[in-house]
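I opened my notebook to look at how two chains meet.

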Number of protein chains: 2
Amino acid sequence: MSDSAGKEIDQLISLMAKLPGLGPRSARRAVLQLVKKRTVLLEPLARSLTEVAATVRECAICGNVGTSDTCGICADPKRDTNVICVVSDVADLWAMERSLAFKGRYHVLGGVLSALDGIGPEELQIPRLVTRVKKGGVPEVVLALSATIDGQTTAHYIADQLEGSGASVTSLAQGVPIGGELDYLDDGTITAALKARKTF
Amino acid sequence: MSDSAGKEIDQLISLMAKLPGLGPRSARRAVLQLVKKRTVLLEPLARSLTEVAATVRECAICGNVGTSDTCGICADPKRDTNVICVVSDVADLWAMERSLAFKGRYHVLGGVLSALDGIGPEELQIPRLVTRVKKGGVPEVVLALSATIDGQTTAHYIADQLEGSGASVTSLAQGVPIGGELDYLDDGTITAALKARKTF
C-alpha cells in the first residue's frame, strides 16, 4: 500500500481498513491523521484500545458489553427488574438506552434466527432468556427486534418458548416513524400503521 | 453516549470519532465490531497502534513518515538522487508512490503557502528544500503540487527561490485526466489542456 512508510504503518493501515465504515483509502487517511496528531490522538487511542482489550467482557446476566462481570444496567438497583427487553445485539441495546424511554433490564440474543445462515435457537441466547424469565418470575418481556422477516420469526419463536412462563410478551409498536413523511414511506409500513390505527 | 457500557468504552468511542471518515455513529459501530472481534481485530489493532506510536518518526531528509531516522525511500540506494519531487504532504507522496512512475527522492513541504491561514515559507520546509538542492547540486526538482491557487502560488515561490541553484524546475503536466470525459470536465482543465496541446 505504501512500501515507503515501513511495515508497521502498512500493518496499521490494513487493520484500520477492516473497521466498518473505513476502506483502504480512508484507512490511509486516518493513519496519516493519527501520525500527524501523535500526542493528542495516536497515543491516547493506543492506550484506550489496550485498556479496552484488557477489560472488556460480556455481562454474565444480559450479554451487554462492559468492563465488569455484571454490566452497569444489571448492577443498577434503580432499574425495573419486572421487565426484560429482548434485543438482537448490543448496538440495539445502546439505541434503546439513547431513547431514555426504557427503565427495565435487557437480554441480548446475539443475533436473530436465520435458516439461511444456519443460526438456530442454540446459537442465540434464547434458552438462557427462557430460564431467566422462568426462574426470576419476570412479569413482562418486551421484544425489541427488527421488523424484518428474520427478526419477526425470532419474535414468534421466543413468544412460543415463553408460553406458560407467566410472562406477558409484548413487542415494539410498528407505524409511521416520528418526522416521517407518508410520501417517502414504504407500503409495508403504511399497511402496518393503518392496521394498528388508534382513536385520535 | 452509552452510559451502560462503562467509561473505557465511551472514551474509546469518542477518540475513534475524531478520525477522519468516522463520526459518533460510525465510531460506535466500529467499537462494537472491535469488541466482537476481540482476538482478530481489537488486540492486534491495540498492539499495532502502540508499536506505531513508539516507532513512528519523520524522515530527517525528506519529511516522509517512517520508523527509522531515514525513510525507506531516502535509504534506498536504487532511487535516483538526481531528481527531487516536491509534495505538500505525505498523502501526496504515497499517491505518487502508488503510481510507480517516479524513481527519484521526495521533499515533503508540510502544507502549501496560504496567506489566509497565515502559512508562510518559514512554516513549510521550503528553506530546507533550497539548502538540500544547493548543497547536493540536484539537477532537477519536480513540483507535484495541487492545481489550486495556493498550490500554484507555492510552486511559483519555490521556483523563484531555486533560481540560480542550477536545478531545472519542472512541474506535473496539467490536462485531461486519463478516463476523463470532456463533457464532465471543468472549463479550467479544458483551457489548460488546450494551451498545452501536443502534436499527435
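I counted a contact when heavy atoms lie within 4.5 Å. By that rule, 55 residues of chain B and 54 residues of chain A take part.

I noted the ground rules next. The model is predicted, with local features needing pLDDT of at least 70 and side-chain atom pairs pLDDT 80 or more, while totals for chains, interfaces and linings use all residues. Residues are numbered from 1 along each chain, chains are lettered from A, and side-chain values use heavy atoms without hydrogens or water.

I looked up the buried area (accessible area, 1.4 Å probe, lost on putting two parts together, summed over both). Between chain B and chain A it is about 4900 Å², and carbon and sulfur atoms give 72% of that.

I then asked which elements give two or more residues to chain B's side. They are α1 (7-16), α2 (24-36), α3 (38-55), β2 (65-66), α4 (72-75) and α5 (90-99) of chain B. Here helices (H or I, at least four residues) and strands (E, at least two) are DSSP runs, numbered from the N terminus. α3(B) gives the most, with 15 residues.

Last, I superposed the copies by least squares on C-alpha atoms of residues with pLDDT of at least 70 in both. A rotation of 180° with 0.1 Å of shift along its axis puts chain B on chain A, RMSD 0.2 Å. That is the relation of a two-fold axis. In chain B, A46(B) has the C-alpha nearest the axis, 2.8 Å away. The same surface serves both copies, as 96% of chain B's contact residues recur in chain A.
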